[in-house]
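Okay, thanks for coming, everyone.

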Amino acid sequence: MRPHAQQTPRTRILAAIALGGALGAPARYGLSQLIHVAKDSFPWSTFSINVSGSFALGFLLVLILERFPPSRYLRPFAATGFLGAYTTYSTYAVETDLLWKNGHAGVALAYGLGSLAAGFLAVWAGVWLARAAGRIEGGGRR
(Lines give C-alpha, C1' and ligand atoms only; values in the text may rest on other atoms or scores of the structure.)
Protein backbone atom coordinates (compact mmCIF):
# COMPACT_ATOMS: atom_id res chain seq x y z
CA MET A 1 0.00 0.00 0.00
CA ARG A 2 1.31 3.43 -0.86
CA PRO A 3 2.19 5.52 2.22
CA HIS A 4 -0.06 8.45 1.28
CA ALA A 5 -2.85 6.55 -0.43
CA GLN A 6 -6.33 7.79 0.32
CA GLN A 7 -8.58 5.39 2.15
CA THR A 8 -11.59 4.52 0.05
CA PRO A 9 -15.08 4.23 1.56
CA ARG A 10 -14.83 0.46 1.03
CA THR A 11 -11.59 0.34 3.02
CA ARG A 12 -13.17 2.30 5.87
CA ILE A 13 -16.22 -0.01 5.85
CA LEU A 14 -13.93 -3.04 6.05
CA ALA A 15 -12.09 -1.36 8.93
CA ALA A 16 -15.41 -0.81 10.74
CA ILE A 17 -16.30 -4.49 10.27
CA ALA A 18 -12.87 -5.59 11.48
CA LEU A 19 -13.08 -3.39 14.57
CA GLY A 20 -16.56 -4.70 15.38
CA GLY A 21 -15.37 -8.28 14.92
CA ALA A 22 -12.34 -7.62 17.11
CA LEU A 23 -14.74 -6.65 19.90
CA GLY A 24 -17.48 -9.23 19.22
CA ALA A 25 -15.30 -12.33 19.24
CA PRO A 26 -13.86 -11.72 22.73
CA ALA A 27 -17.36 -10.88 23.98
CA ARG A 28 -18.56 -14.29 22.76
CA TYR A 29 -15.56 -16.03 24.30
CA GLY A 30 -16.08 -14.25 27.61
CA LEU A 31 -19.74 -15.22 27.80
CA SER A 32 -18.96 -18.80 26.80
CA GLN A 33 -16.59 -19.02 29.77
CA LEU A 34 -19.39 -18.06 32.16
CA ILE A 35 -21.77 -20.83 31.07
CA HIS A 36 -20.38 -24.31 31.59
CA VAL A 37 -21.94 -27.13 29.60
CA ALA A 38 -21.50 -30.85 30.24
CA LYS A 39 -20.47 -33.04 27.29
CA ASP A 40 -23.40 -34.35 25.24
CA SER A 41 -25.89 -32.02 26.93
CA PHE A 42 -27.84 -29.06 25.62
CA PRO A 43 -25.28 -26.40 24.55
CA TRP A 44 -26.67 -23.56 26.66
CA SER A 45 -23.63 -21.37 26.12
CA THR A 46 -23.90 -21.19 22.32
CA PHE A 47 -27.70 -21.06 22.55
CA SER A 48 -27.54 -18.06 24.91
CA ILE A 49 -24.98 -16.29 22.75
CA ASN A 50 -26.92 -16.78 19.52
CA VAL A 51 -30.30 -15.84 21.01
CA SER A 52 -28.92 -12.73 22.73
CA GLY A 53 -27.15 -11.79 19.49
CA SER A 54 -30.41 -12.20 17.56
CA PHE A 55 -32.20 -9.94 20.03
CA ALA A 56 -29.41 -7.36 19.82
CA LEU A 57 -29.49 -7.49 16.01
CA GLY A 58 -33.22 -6.76 15.90
CA PHE A 59 -32.96 -4.00 18.48
CA LEU A 60 -29.86 -2.33 17.05
CA LEU A 61 -30.97 -2.43 13.43
CA VAL A 62 -34.18 -0.60 14.29
CA LEU A 63 -32.15 2.05 16.08
CA ILE A 64 -29.54 2.26 13.34
CA LEU A 65 -31.98 2.30 10.41
CA GLU A 66 -34.95 4.13 11.89
CA ARG A 67 -33.72 6.35 14.71
CA PHE A 68 -30.07 7.34 14.26
CA PRO A 69 -28.85 9.71 11.59
CA PRO A 70 -27.62 7.86 8.50
CA SER A 71 -24.12 6.46 8.92
CA ARG A 72 -22.10 4.46 6.45
CA TYR A 73 -20.11 2.73 9.20
CA LEU A 74 -22.42 2.00 12.14
CA ARG A 75 -24.34 -0.91 10.61
CA PRO A 76 -21.21 -2.68 9.28
CA PHE A 77 -19.49 -2.15 12.65
CA ALA A 78 -22.39 -3.30 14.86
CA ALA A 79 -24.33 -5.83 12.77
CA THR A 80 -21.73 -7.39 10.48
CA GLY A 81 -18.65 -6.91 12.65
CA PHE A 82 -19.60 -7.10 16.32
CA LEU A 83 -22.69 -9.30 16.15
CA GLY A 84 -21.30 -11.35 13.26
CA ALA A 85 -18.33 -12.28 15.42
CA TYR A 86 -20.37 -12.51 18.62
CA THR A 87 -22.87 -15.02 17.24
CA THR A 88 -21.73 -18.33 15.83
CA TYR A 89 -23.56 -20.41 13.27
CA SER A 90 -20.59 -22.71 12.80
CA THR A 91 -20.44 -23.73 16.46
CA TYR A 92 -24.22 -24.23 16.46
CA ALA A 93 -23.94 -26.53 13.42
CA VAL A 94 -21.00 -28.52 14.82
CA GLU A 95 -22.64 -28.94 18.24
CA THR A 96 -25.89 -30.13 16.64
CA ASP A 97 -23.99 -32.60 14.45
CA LEU A 98 -21.92 -33.94 17.37
CA LEU A 99 -24.98 -34.41 19.55
CA TRP A 100 -26.62 -36.36 16.72
CA LYS A 101 -23.52 -38.47 15.99
CA ASN A 102 -23.03 -39.24 19.69
CA GLY A 103 -26.52 -40.73 19.97
CA HIS A 104 -28.33 -37.73 21.47
CA ALA A 105 -30.80 -37.18 18.65
CA GLY A 106 -33.47 -35.72 20.93
CA VAL A 107 -31.11 -33.12 22.35
CA ALA A 108 -29.77 -32.39 18.85
CA LEU A 109 -33.28 -31.80 17.50
CA ALA A 110 -34.31 -29.71 20.50
CA TYR A 111 -31.14 -27.61 20.18
CA GLY A 112 -31.26 -27.30 16.40
CA LEU A 113 -34.93 -26.39 16.13
CA GLY A 114 -35.05 -24.55 19.46
CA SER A 115 -32.16 -22.31 18.44
CA LEU A 116 -33.89 -21.37 15.19
CA ALA A 117 -37.22 -20.68 16.88
CA ALA A 118 -35.67 -18.76 19.78
CA GLY A 119 -33.49 -16.76 17.37
CA PHE A 120 -36.48 -15.68 15.29
CA LEU A 121 -38.47 -14.81 18.41
CA ALA A 122 -35.53 -12.89 19.85
CA VAL A 123 -34.96 -10.79 16.73
CA TRP A 124 -38.69 -10.04 16.58
CA ALA A 125 -38.67 -9.08 20.27
CA GLY A 126 -35.70 -6.80 19.70
CA VAL A 127 -37.43 -5.06 16.79
CA TRP A 128 -40.66 -4.76 18.76
CA LEU A 129 -38.93 -3.40 21.88
CA ALA A 130 -36.91 -0.81 19.95
CA ARG A 131 -40.02 0.42 18.15
CA ALA A 132 -42.06 0.43 21.36
CA ALA A 133 -39.35 2.42 23.12
CA GLY A 134 -39.43 4.92 20.26
CA ARG A 135 -43.21 5.33 20.59
CA ILE A 136 -42.91 5.88 24.35
CA GLU A 137 -40.06 8.34 23.92
CA GLY A 138 -41.94 10.13 21.14
CA GLY A 139 -45.09 10.46 23.22
CA GLY A 140 -47.32 7.97 21.43
CA ARG A 141 -47.75 6.10 18.18
CA ARG A 142 -45.72 7.12 15.18
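Let's start with Ala118: leaving aside its neighbours within four places in sequence, Ala118 is in contact with Phe47 and Val51; contact here means heavy atoms within 4.5 Å. Before I go on, this is a predicted model, where local features need pLDDT of at least 70, side-chain atom pairs count only at pLDDT 80 or more, and totals for chains, interfaces and linings use all residues. Residues are numbered from 1 along each chain as its sequence is written, and side-chain values use heavy atoms, with hydrogens and water left out.

Now, those three residues belong to the largest nonpolar core, which has 9 residues: Phe42, Phe47, Val51, Tyr92, Leu99, Ala108, Tyr111, Ala118 and Ala122. By nonpolar core I mean buried Ala, Val, Leu, Ile, Met, Phe, Trp, Tyr and Cys residues joined through side-chain atoms within 4.5 Å. Buried is under 20% relative accessible area, exposed is over 50%, and partly exposed is in between, using a 1.4 Å probe and protein chains only. Which helices supply at least two residues each of this core? They are α2 (44-67), α4 (89-101) and α5 (105-137), and α5 gives the most, with 4 residues. Helices are DSSP runs of H or I, at least four residues long, numbered from the N terminus.

Over to the surface. Trp100, Leu109, Leu113, Leu116 and Phe120 form a nonpolar patch there, with about 580 Å² of accessible area together. For a patch like that, residues need over 30% relative accessible area and no salt bridge, and nonpolar side chains (Val, Leu, Ile, Met, Phe, Trp, Tyr) are joined within 5 Å. The areas come from the Shrake-Rupley method with a 1.4 Å probe, and only the protein chains shown count as cover. Again α5 has the largest share of the patch, 4 residues. Leu116 sits in α5 and counts as partly exposed because its relative accessibility is 44%.

Last topic: salt bridges, meaning a side-chain nitrogen of Lys or Arg within 4 Å of a carboxyl oxygen of Asp or Glu. How many does a search of the whole structure find? There are 3. In one, Arg131 pairs with Glu66, the closest N and O atoms being 2.5 Å apart. Arg131 lies in α5 and Glu66 in α2, so this pair ties together parts 65 residues apart in sequence. Asp97 and Lys101 pair up too, at 3.1 Å; they're 4 residues apart in α4, which means about one helical turn between them.

Technical notes: Patches are made of residues with over 30% relative accessible area and no salt bridge: like charges are joined within 9 Å, nonpolar side chains (Val, Leu, Ile, Met, Phe, Trp, Tyr) within 5 Å.
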